[in-house]
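Subject: Structure handover

Hi,

Here is the structure I promised to pass on to you. Please open it alongside this message, and have a look around before you read on.

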Amino acid sequence: MNVRSHDGASLGDLNFQVGSQAHRTSKIVADSAFQEVRPVGRERLMVVEDDPVTRTMLVGYFSENNFDVVGAGSCAECRQALRARTDLVFLDVQLPDGDGFELAKEIQATSNAGIIFVTRRDTDVDRILGLEIAGDHYVTKPINLRDLLARARSVLRRRSLDRKVARHHNSIAFGDWIIDLTRRELLGSDGKPVALTRAEFDLLAALVGADGRPLSRDYLIEVVSNRQAEVDIRTVDALVARLRRKLVGSGSPVIATVTGVGYKLALSERL
């Protein structure tokens with residue numbers, strides 16, 4: 001198992017998992033799908049990973065860093081564990097009873113949990129698909145535990161701020177559409193919602209909030225992924241192309257390309 005710790009050590013060096021710690025975390029994994037009680041004030045994380053060694057390592061590491069952590073070895077165990085509040089899910093793509101990308105869609109539809117993919121699948125297609133579907137981050141193995149901890153805290157911080165902002169209703173009309181930043185909805189002129197992925201919504205919200213100012217592709221990479229290394233310019237271009245196909249009906253382009261810079265909201269009648 002080629003998994004690395006925060007200091008670069010290989011899994012073969014991570015013998016701290018084998019003694020009493022391994023026994024303690026193994027018990028957490030065994031009972032994870034049925035755990036309903038979460039310590040007050042601690043965020044609840046879920047590790048969905050079919051490999052027991054990797055799962056035990058992640059459960060133990062994040063438990064030691066003051067999180068309430070449960071493990072799941074399959075899609076079925078994940079669904080059962082989601083009955084309790086979950087703040088963040090570490091999700092493998094290859095699971096014994098289903099596809100991690102499809103499971104991510106279910107999680108997004110039924111939970112407000114953040115999603116960090118942790119997988120061996122490292123192609124650009126998989127990475128872009130994961131981020132466009134639901135992922136806040138896409139991490140490939142071998143795992144750097146310290147980096148994964150920083151990413152998890154970043155996602156949880158951002159979601160905490162989103163919850164605070166959501167206390168105040170915030171809708172903006174532009175062209176034929178209304179974007180509701182609280183409910184994270186885009187409504188057409190007929191009042192019906194337009195289906196957007198998380199990445200599409202975040203990118204559109206950034207452009208609307210810029211009041212017609214152009215935003216660079218590098219900035220939009222940060223908006224979509226919060227980490228420049230995770231996505232690239234092609235991802236942003238693909239998201240803009242998809243938004244343009246969905247935002248039709250005004251007779252003029254909604255998103256304009258600014259040569260050498262990036263993109264901007266093109267509608268002058270933004271209210």
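Predicted model: local features only at pLDDT ≥ 70, side-chain atom pairs only at ≥ 80, totals over all residues.

Let me begin with the hairpins. Strand β8 (residues 171-174) and strand β9 (residues 177-180) run antiparallel and are joined by four bridges. Within that pairing, F174 has W177 in β9 as its bridge partner. Two residues separate the strands of this hairpin, and in the turn G175 has a positive phi of about 60°. On to the next strand: three bridges link β9 to β10 (residues 185-187), again in an antiparallel arrangement. Here I178 has L187 in β10 as its bridge partner. β9 and β10 also make a hairpin, this one with four residues between the strands, and R184 in the turn shows a positive phi of about 55°.

There is also an open sheet of three strands, in the order β11-β13-β12, with antiparallel pairing. β11 and β12 (255-258) are at the edges with a single partner strand each, so one side of each has no neighbour in the sheet. Four bridges connect β12 with β13, and V258 is found opposite G262 in β13. Lying across β12 and β13 is α9, which runs at about 145° to β12.

Now for the helices. Which residues of helix α8 (residues 217-225) are buried? They are R217, L220, I221, V224 and S225. These residues sit on the same side of α8, because they cover an arc of only 115° around the axis. The elements covering them include β7 (137-140), α7 (198-209), β11 (215-216), α9 (233-246) and β13 (262-265).

Is E200 buried or exposed? With a relative accessibility of 0%, E200 counts as buried. Its side chain reaches the backbone nitrogen of T197 at 3.0 Å. Setting aside neighbours within four places in sequence, E200 is in contact with A195, L239, R242, L243 and K246.

Next, the nonpolar cores. The largest one has 26 residues, and F174, I179, L203 and L204 have the most contacts inside it. At least two residues of this core come from each of β8, β9, α7, α8, α9 and β13. The element that gives the most to this core is α7, with seven residues. Apart from it lies another core, of 23 residues, which has M46, L82, V93 and L103 among its members.

Leaving out residues up to four places away in sequence, I179 touches N170, S171, I172, F174, E185, L186, F201, L204, A205 and V208. As background, nonpolar side chains in soluble globular proteins tend to be buried together.

Finally, one glycine from another part of the chain. G71 lies in strand β2 (residues 68-72), and G71 is buried, with a relative accessible area of 1%. G71 and L45 are 26 residues apart along the chain, and 8.5 Å separates their C-alpha atoms.

Happy browsing, and do write back with any questions.

Best wishes

Definitions and conventions. Residues numbered from 1 in each chain as written. Heavy atoms only, no water. Pairing = 2+ DSSP bridges. Buried < 20%, exposed > 50% of the residue type's maximum accessible area, 1.4 Å probe, protein only. Arc of directions from axis to C-beta. Contact = heavy atoms within 4.5 Å. Polar contact = N/O pair within 3.5 Å; in protein donor to acceptor, adjacent residues only side chain to side chain. Axes fitted to C-alpha atoms, helices over the stretch in contact; angles between N-to-C directions. Core = buried A, V, L, I, M, F, W, Y, C linked by side-chain atoms within 4.5 Å.
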